[in-house]
Amino acid sequence: MPKVHFTKQLARFLPVPTMVVDGSTLAEVFVAVFDQHPQLKSYILDDQDAVRQHVAVFVDGIQLASRTRLDEHIEADSEIYVFQALSGGLG
């Protein structure tokens, strides 16, 4: 089953344990995660169920190509990382 990791930045707001969940698409994996930790949904997805602008998702080391298409196939042994993306810097 896919393993989902969250960065420690999210831990400032709520518990974010590494989770092993069932799912063959990223959408199914997220549904399984949110079933166990519903409060995570608003940090990761917007009101249109797209990945939020300041969140980056990597599946097996490759950044998610689309924030709105979550039907990407996930392997049973996939590693998924959810990051809060940083923005800003010198202007």
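Where is D60 found?

Modeller: D60 is found in the loop between β3 and β4; helices (H or I, at least four residues) and strands (E, at least two) are DSSP runs, numbered from the N terminus. The model is a predicted one, in which local features need pLDDT of at least 70 and side-chain atom pairs count only at pLDDT 80 or more, while totals for chains, interfaces and linings use all residues. Residues are numbered from 1 along each chain as its sequence is written, and side-chain values use heavy atoms, with hydrogens and water left out.

Most residues other than glycine have a negative phi. With a relative accessible area of 43%, D60 is partly exposed; buried means under 20%, exposed over 50%, and partly exposed in between (1.4 Å probe, protein chains only). D49 also has a positive phi, of about 60°, although it is not a glycine. D49 lies in the loop between α3 and β3 and, at 38% relative accessibility, counts as partly exposed.

Strand β3 (residues 55-59) pairs with strand β5 (residues 79-84) in the antiparallel sense over 5 bridges; two strands pair if DSSP finds at least two bridges between them. Within this pairing, A56 stands opposite F83 in β5.

Aromatic rings are the next topic. The whole structure holds 3 aromatic pairs, where rings of Phe, Tyr and Trp (its six-membered ring) pair if their centres lie within 6.5 Å, and planes under 30 degrees apart count as stacked, over 60 as edge-to-face and the rest as tilted. F30 and F34 form a stacked pair, at 5.6 Å centre to centre and 15° between the planes. These two residues are 4 apart in helix α2, so about one helical turn separates them, and both are buried. The pair of F58 and F83 is edge-to-face, because the ring planes stand at 85°, with centres 5.6 Å apart. Since F58 lies in strand β3 and F83 in strand β5, this pair ties together parts that are 25 residues apart in sequence. F58 is partly exposed at 24% relative accessibility, and F83 is partly exposed at 31%. Ring pairs link F58, Y81 and F83 into a cluster.

Strands β3 and β5 also bear on helix α2, as they are among the elements that cover its buried residues, together with β1 (3-6), β2 and α3. Those buried residues are L26, V29, F30, A32, V33 and F34. V31, in helix α2 (residues 26-36), is instead partly exposed, with a relative accessible area of 48%. The C-alpha atoms of V31 and V21 are 9.4 Å apart, across 10 residues of sequence. In the loop between α2 and α3 (41-44) lies H37, which is buried at a relative accessible area of 18%. H37 touches P17 and M19, not counting residues up to four places away in sequence; contact means heavy atoms within 4.5 Å.
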